[in-house]
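Q: Hi, I have just opened this one and could use a quick tour. Can you take some questions?
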Amino acid sequence: MKRKSKTTALTMALISAFALSACGSGSGNAPSSNAGTKATDQPTETKASEAPVTEAAPEPVTLKFYVGGGTLTDTEFKLFFEEPTKEKFPHITLEKIVPADGVKPAEVLTSNDVPDIIYQTSGSYYTFQELGVFADLTPLAEKHGFDTKRLKPVLLDSVLNFSKEGELFTLPFSSNVAALFYNKDIFDKFGVAYPPDEQITWDALLDISQKLTRSDGGVNYIGTDLNNGPATLQGSYGIFALDPESDEPTLQSRQWRRVFETVQKNVQHPGFVQGEQYQYDRDSFIVDQNLAIRPTLLANLIGPLEELRAQGKPLNWDLAPIPNFEDNLGQGKVANVHSVSISSVSKHKDEAFQVLAHILSDDVQRILSRNGRVPAIDNPELEKEFGADIEVLKGKKIENIFKTTPPVLDQHRLEGDVSKHVTQAFADIALKGTDVNTAIRTAEEAIRKDLETLKITKP
């Protein structure tokens, strides 16, 4: 149950499929050391009048770019990857592969379109690792002189925490961090001051929220939803339901108790629970516009808010720093890492790594920052340009995004299998009035029961 996993039959099948695919084109472009010469040929002196030999242009290479997790629109792919690559390496063409809905990674990775580059988020790392498809980038980084110290330490440490033996299986490309989005019109309607431009506690946010959770003109207004129950709050501490080292449930910890108590306080505000409704999603904020405050990741709202603006229906909104608990101020919510890897059977690993290194250059990272992505490289100057090319972000308090630092991501490989019990505990608190102690105990018992099966099916 540690981070090491046995090679499964599926992995062996994938490796065999990769090998067959790789055999399809040999090294026919490499010149033979004896080509055009005889054993008796003698070297001749170069005459001064002879023109210098020009280096042949590199052979054209097409790299298949698989979007295996997270969102990467065609526009973003063109802006962040395709155009910068073609400008720097005219002989390299990137071909984007986006599988149809329902197609699993294993199906893509055993098809005729075996990818060279894999784009994914931290939520899918373990899935790909179990398939054995990541190349260790350490030798390539050394060969091409790539300095990993250019990366933000929190992002580099986060991906290394997913390594089995300390290998560098991916390079962070950007991070999806959290902020506090708020509807200024709702605040104005009820005469409530906007959230401050400095980080506040979750309790302070709930005090604001209570003033905004009310009914007016037939509309039920909600102060804030904590975004999928405890998910955002646990991200403040960077905690998960399973300890990544001991394999033990962690819900009895002081930090988890604070998370559940805060969730309970929010749902107990009069008017928050409406019948069976106890969650208020993105549509509540941008469509129904009855949710005053939404703490969420940037990618969850910036795009939809820009769409509203383009449709001539702009929302009157702004940003504040994501809150945290009193004993953890200064930190934000754990970030979702967006990164790029190289397939272990790619026939063009050197070219693929050159592409990866280039998109982590200052120039390309500046492009993504100006277009609403948080850069992966450690250069504060780029963050000052965040969102400069997105119309909906003009005039917004962008600086509030960067007033907190996300904690390092350290997640157990089975977290996704057991997190449903945390979600259920939240539902029980909201709809059944279950007390925190009972909710925690019930969730932990369910997690332990699942682990008995998972230890057999996912050793």
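Q: Is Asp247 buried or exposed?
A: Asp247 is buried, since its relative accessible area is 12% and the cut-off for buried is under 20%. Bear in mind that this is a predicted model.

Q: Where is Asp247 in the chain?
A: It sits in the loop between α9 (231-237) and α10 (254-267).

Q: What about the phi of Asp247?
A: Its phi is positive, about 70°, although Asp247 is not a glycine. Most residues other than glycine have a negative phi.

Q: And Gln289, what is its phi?
A: Gln289 has a positive phi too, about 55°, and it is not a glycine. It lies in the loop between α11 (282-286) and β8 (291-297).

Q: How accessible is Gln289?
A: Its relative accessibility is 31%, so Gln289 counts as partly exposed.

Q: Zooming out, how many helices and strands are there?
A: The protein chain has 17 helices and 11 strands. It has 459 residues, and 49% of them are buried.

Q: Which strands form the open sheet?
A: There are 6 of them, in the order β2-β1-β3-β10-β4-β11, and the pairing is mixed. The edge strands are β2 and β11, each pairing on one side only.

Q: Take β1. How many of its residues are buried?
A: In β1 (residues 61-67), 6 of the 7 residues are buried, so the strand is largely enclosed by the rest of the structure.

Q: In which sense does β1 pair with β2, parallel or antiparallel?
A: Parallel, over 6 bridges, with β2 covering residues 92-97. Within that pairing, Val61 has Ile92 as its bridge partner.

Q: How many bridges join β1 to β3?
A: There are 3, and the two strands run parallel; β3 covers residues 117-121. Tyr66 stands opposite Ile118 in β3.

Q: And β4 with β11, parallel or antiparallel?
A: Antiparallel, joined by 2 bridges. Here Ser175 stands opposite Val374 in β11.

Q: Changing topic: which residues of α14 are buried?
A: In α14 (residues 362-370), Val364, Gln365, Leu368 and Ser369 are buried. Seen down the axis of α14, they fall within an arc of 145°, so they line one face of the helix.

Q: What do the buried residues of α14 pack against?
A: They pack against α2, β4 (171-176), α13 (349-359), β11 (374-375) and α15 (380-383).

Q: Which residue follows α14 with a positive phi?
A: That is Gly372, with a phi near 90°.

Q: Last topic, the cores. How many residues has the largest nonpolar core?
A: It has 73 residues, and those with the most contacts inside it are Phe181, Leu212, Ile293 and Leu298. Another core, of 55 residues, lies apart from it; Leu63, Ile118, Leu131 and Val355 are among its members.

Q: What does Ile293 touch?
A: Leaving aside residues up to four places away in sequence, its contacts include Phe181, Phe187, Leu205, Leu212 and Phe285. Gly223, Thr224 and Asp225 are among the others.

Q: How much of the contact set comes from residues 24 or more positions apart?
A: They account for 77% of the contacts in the protein chain with a separation of 6 or more.

Methods
Residues are numbered from 1 along each chain as its sequence is written. This is a predicted model: local features need pLDDT of at least 70, side-chain atom pairs count only at pLDDT 80 or more; totals for chains, interfaces and linings use all residues. Side-chain values use heavy atoms; hydrogens and water are left out. Helices (H or I, at least four residues) and strands (E, at least two) are DSSP runs, numbered from the N terminus. Buried means under 20% relative accessible area, exposed over 50%, partly exposed in between (1.4 Å probe, protein chains only). Contact means heavy atoms within 4.5 Å. Two strands pair if DSSP finds at least two bridges between them. The arc is that of the directions from the helix axis to the C-beta atoms. A nonpolar core is a set of buried Ala, Val, Leu, Ile, Met, Phe, Trp, Tyr and Cys residues joined through side-chain atoms within 4.5 Å.
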